[in-house]
Amino acid sequence: MNKLLLVACLLLLLGVVPGYGQGPGLPTGHLDYADWEVVFEDDFDGPRLDTAKWRTDLPFFSSCYAYSNHTSPTDTLPDNDTAEYYDTTALALENGILRITASRVPDYRCPGTNDIYTFKSGLIRSRFVDNTAPPVYNTRGFLYGMIEVRCRIPMASCFTPAVWLAASSGEWPPEIDLFEVECGSNANKNKVYSSVQDGPGSSRNASEHYRARQHNYFALAYHTWTCIWSPTHITFYLDGRELHTRTNPYNNLVPMDVIANLGVHSLKNGNSSDVFAIDYIRILKPRTSVPLSAAAPADVAGGLAWSERRQHLFYRNTRNAVAYYYPDSTALLHWAQAELLPTAPADVAGPLLWSESRSCLFYKTTAGRLATIRRDTAAAHWVYAELVPGAPLDVAGSLAWSEQQQRLFYRDTTGRVAHVYWDTTATAPRWVSGGRLVPAAPADVAGELTWSESRSCLFYKTTAGRVAVLRWDAFEAPHWFQQQVLPAAPADVAGELTWSEQRQHLFYKNAGRSISRLYWAPSATGGTGWAQGELPFTPPSDANAFRVYNPDKSNPAEPVVTDPDLVKGALHWSEATGSLFFTGMKGKLYRMLWQGNQWHLQAVKWKGETDELHSYANVALTSELCVSGAGKQVFYQSTDHRLEVAHWVDIARLDPPLSAGYTPLETVLAPPARAAATDR
């Protein structure tokens, strides 16, 4: 068997997959960068260190700093049992690599402390302004996100490189160590530590160590170290594989700087020197939005409708025509866009409504009629038609569909409910205008219509701000009749209605901008009937979720006002997830979830994480919300008139984690070839 085939087979058995941030053939894991964007990076490709990105001193940590007036060589790390001072001459860029060299020098005595240092080394500390995630207003440092470094540590013992996060203000704690190498116990360079330090003596208690089976494992090749830091958790990764997760012990909003340094332990003897080689350092944040297609025009005007069977998202564009998005590959969030039927009139004047059973899209035209674009499955193309040619021009909007009855309801120009239905009794089945549902009903329809299949009734908001119902009575003399759902309920309906078949609840935004519900429940007299009340909920883990911050305050972490409005935009119930999605504070998506016999309020987070790392904050307050049938995607119109999606992705967990035994792969792999330098 030839050598290439042997190596290929071995890689396949070991599960090696090339990935982001790795040289060809290096091992990767489950980190997915698709929804992250780089907000700070340095690939060290320039002729010299970029001082706009990096400083090379330690004003808050240096034991010599107070005596030096920033004069090199006098920066050190206090109380760290080190033998080095830091000097810019120890830093060099060669072939896209930052080389931090520690070397033996004549003894140097620190002014004021009389400490003697025998090695010169180097350090870089980030200059970073985070304008990507208000309410974080800091002039240095970053708050939450992903930090990643690809590097190779020195081969010689007692050189102790580290990449870590320290508070921009100089306070301690916090401190997060992506990795650090110790001296005495790690002569073979196959053991490293990751730490979350939250006070004196916390280092070992807060650390996890990883020992590779191969000696000099971390010195023989480049490895990628990653940390995802969120308000509630801190997770460490090596070469894309999760190492461990720790609860975030820091309660305050403390921006951090990235520091990379090459320490030398005081036990180090001899005149040797060695290099800490860094390929790149990056800081990433979750994208504020995930557009379905970056190449598609910003032409969304409203009217979202989803077809689960066809996996199509329809909308009204700025030309008043129907356009749609559809997945054009198996890749997640890879969508294409087009107008549905370019030959159809550009006459859409209201919301769109999809029927799965009829494979057609209903809408109100600019002339005040009902039209449809349906899929002709035999001819495999779309067909446009007026639903009932010659029908009165009386459609004012607000459509609702009954799959069971094959009936389309709408609000007419008199403020009543009218309908059309599919007549199968005729020789040729056709759409028929049924006129007003209850001719004697008051002309009081003032909002959206919501249909319940299980109860055969149509809910709507009245002009008085209450909920009324039109119900089909199938007993005795079948007929439609109208009544208020709960006459004693307050007249507090201020927005959309959405119905849950699962819970038999009707949710709506109330006049207090919170959420109320009408629900079917046992009554005090022993029967059943409608009850009403505001939805009780457990607040989100982010205590600041509903606070407004003032960037001009001296302490930006202090709330200046609590916004009383919970709901800012649309509501949408998802049967698949048992969740009520809505647009809330600052254009974010939230959901009410029934769990543990109570309602919980959660932000719809980036990639379905279990904490408040990020939530979508780009939803237009006028946008409808459209949830896929499986409940894994929430579509919405963004503030820049594009269609975007919040999507749920289950997090991959490794079993076993690397700390239980990591298989070194460098022995069978060619060295990474990012540049011509020998230390790549």
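Predicted model: local features only at pLDDT ≥ 70, side-chain atom pairs only at ≥ 80, totals over all residues.
Before you start: residues are numbered from 1 along each chain as its sequence is written. Local features need pLDDT of at least 70 and side-chain atom pairs count only at pLDDT 80 or more, while totals for chains, interfaces and linings use all residues; side-chain values use heavy atoms, with hydrogens and water left out.

**Stop 1: Ser500**

Select Ser500. It sits in strand β34, residues 493-500. Strands here are DSSP runs of E, at least two residues, numbered from the N terminus. Buried means under 20% relative accessible area, exposed over 50%, and partly exposed in between, using a 1.4 Å probe and protein chains only.

Now show the side chain of Trp573. The Ser500 side chain makes a polar contact with it, at 3.2 Å. A polar contact is a pair of N or O atoms within 3.5 Å; within protein, one must be able to donate a hydrogen and the other to accept it, and residues adjacent in sequence count only if both atoms are side-chain atoms.

Together with Trp573, they are in contact with Ser500, leaving aside its neighbours within four places in sequence. Contact means heavy atoms within 4.5 Å.

**Stop 2: Phe507 and Trp573**

Keep these two rings on screen. Rings of Phe, Tyr and Trp (its six-membered ring) pair if their centres lie within 6.5 Å; planes under 30 degrees apart count as stacked, over 60 as edge-to-face and the rest as tilted. By this rule there are 33 aromatic pairs. The centres of Phe507 and Trp573 are 5.3 Å apart and their planes meet at 15°, so this pair is stacked. Phe507 belongs to strand β35 (residues 505-510) and Trp573 to strand β40 (residues 571-574), so the pair ties together parts 66 residues apart in sequence. Both residues are buried.

**Stop 3: an aromatic cluster**

Select Phe179, Tyr217, Phe218, Trp225 and Phe276. They form one aromatic cluster.

**Stop 4: Ser355**

Jump to Ser355, in strand β22 (residues 348-355). What does its side chain reach at 3.1 Å? The backbone nitrogen of Arg358. The Ser355 side chain also makes a polar contact with the side chain of Trp401, at 3.4 Å. Finish by showing Cys360, Phe362, Trp401 and Glu403: Ser355 is in contact with these, leaving aside its neighbours within four places in sequence.

Methods:
Helix = DSSP H or I, 4+ residues; strand = E, 2+ residues; numbered from the N terminus.
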